[in-house]
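The sequence and the structure come before the discussion.

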Amino acid sequence: MENPFWEKTYSDLSVATFGKNPANDIVRISSSLKKGMTVLDIGCGEGRNSIYLAGLGHKVDAFDISEAGINKLKRIAEGNKVEVNAWVQDLTTFKFSRTYDLIISHGVFHLVEKHDWQRIIIDMKDNTNHGGLNIVGIFTNKLPATPDNAPFTKALFEEGELKELYADWNIIEFNAYVFEDEHPGGIRHNHAANNIIAMKR
Ligand SMILES: C[S@@+](CC[C@H](N)C(=O)[O-])C[C@H]1O[C@@H](n2cnc3c(N)ncnc32)[C@H](O)[C@@H]1O
């Protein structure tokens, strides 16, 4: 199987694979975050969200299965003079060794099997400090996987399933939407997405 499209641009510092800016929900919540929060970014890619949060003074850990992604994150962070503790790690074998104030994951869980994302979400919730947050963005099966993602997509969520997984937390935001997307060198396509910002009681 060919490498996913992002591997090519993770090796190219001149392009931003998933956009230059952090995800909208991360920007929206950032002004209400306490200072110096401990953060974990699961499937951080080249680090648009990790680097942004580290730049705001938070203590960010981040991992991704892609070595090229982690290398690029480290180079961009260094260039921006921010510190992110980033490492190569498969989320399906990740074991928490500490807790966090904020755990984020954007556009990652469709790339692993359902039992793996069910397990990591339980672990994320267990390893979030009380009053802490999870911010998760996933793709749903309201639309089929896009051609560039289909070979790597293992398990899309059902609409609303993400919200049910956080039924015992305070839901600060839940959004279900379809958005148009395009990556460097790729074609325009639509994703059906659900995003949640939830706080542990
Ligand atoms: C669509 S990208 C999103 C990257 C980043 N979260 C962002 O929003 O810019 C999906 C990322 O998930 C990573 N990924 C895929 N399978 C993974 C796994 N089993 N463990 C950790 N990361 C994984 C890929 O390498 C890729 O960087």
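Is F63 buried or exposed? In this predicted model, F63 is buried, with a relative accessible area of 1%.

## Aromatic pairs

A search of the whole structure finds 14 aromatic pairs. One of them joins F63 and F94 in a tilted arrangement, with 4.6 Å from centre to centre and 40° between the planes. The partners come from separate parts of the chain: F63 belongs to strand β2 (residues 59-64), while F94 sits in the loop between β3 (84-88) and β4 (100-106), so the pair ties together parts that are 31 residues apart in sequence. F94, at 7% relative accessibility, counts as buried, as F63 does with its relative accessible area of 1%.

The pair of F96 and Y100 has a ring-centre distance of 6.4 Å and an angle of 70° between the planes; because planes over 60 degrees apart count as edge-to-face, this pair is assigned to that class. Both F96 and Y100 are buried. Ring pairs also link F5, W6, Y10, F18 and F152 into a cluster.

## The ligand and its shell

Around the ligand there are 19 residues, of which Y10, G43, R48, D64 and L91 come nearest. By class, this shell consists of nine nonpolar, seven polar and three charged residues. Helices α1 (5-10) and α3 (48-55) each supply at least two residues of the shell, and at the level of domains, at least three shell residues are drawn from each of domain 1 (36-89) and domain 2 (105-201).

Which side chain has an N or O atom 2.6 Å from an oxygen atom of the ligand? That side chain belongs to D64, a residue that is also listed among those coming nearest to the ligand. A polar side-chain atom of W6 lies 3.5 Å from an oxygen atom of the ligand, and W6 is also a member of the aromatic cluster that includes F5 and Y10. Of the 590 Å² of accessible area that the ligand has on its own, the protein covers 94%.

## Loop residues

The C-alpha atoms of F96 and M124 are 8.3 Å apart in space, although the two residues are 28 residues apart in sequence.

S66 has its place in the loop between β2 and α4 and is buried, with a relative accessible area of 2%. A polar atom of the side chain of S66 lies 2.9 Å from the backbone nitrogen of G69. K81, by contrast, counts as exposed at 76% relative accessibility; K81 lies in the loop between α4 (67-79) and β3, and its phi is near 55°, a positive value in a residue other than glycine.

The loop between β5 (128-139) and α6 (161-165) contains A150 and also E159. A150 is partly exposed, with a relative accessible area of 38%, and E159 is likewise partly exposed, with a value of 34%. From A150 to H110 the C-alpha distance is 9.9 Å, across a separation of 40 residues in sequence. For E159 and A176, which are 17 residues apart along the chain, the C-alpha atoms are separated by 7.7 Å.

## A buried tryptophan in a helix

Where is W117 placed? W117 lies in helix α5 (residues 114-126), where its relative accessible area is 0% and the residue is buried. Between W117 and A155 there are 8.8 Å from C-alpha to C-alpha, with the two residues 38 residues apart along the chain.

Definitions and conventions:
Residues are numbered from 1 along each chain as its sequence is written. This is a predicted model: local features need pLDDT of at least 70, side-chain atom pairs count only at pLDDT 80 or more; totals for chains, interfaces and linings use all residues. Side-chain values use heavy atoms; hydrogens and water are left out. A residue is near a molecule or strand if one of its heavy atoms lies within 4 Å of it. A polar contact is a pair of N or O atoms within 3.5 Å; within protein, one must be able to donate a hydrogen and the other to accept it, and residues adjacent in sequence count only if both atoms are side-chain atoms. Accessible areas come from the Shrake-Rupley method with a 1.4 Å probe; for residues, only the protein chains shown count as cover. Helices (H or I, at least four residues) and strands (E, at least two) are DSSP runs, numbered from the N terminus. Ala, Val, Leu, Ile, Met, Phe, Trp, Tyr, Cys and Pro count as nonpolar, Asp, Glu, Lys and Arg as charged, and the others, Gly among them, as polar. Domain bounds come from an automatic or database domain assignment. Rings of Phe, Tyr and Trp (its six-membered ring) pair if their centres lie within 6.5 Å; planes under 30 degrees apart count as stacked, over 60 as edge-to-face and the rest as tilted. Buried means under 20% relative accessible area, exposed over 50%, partly exposed in between (1.4 Å probe, protein chains only).
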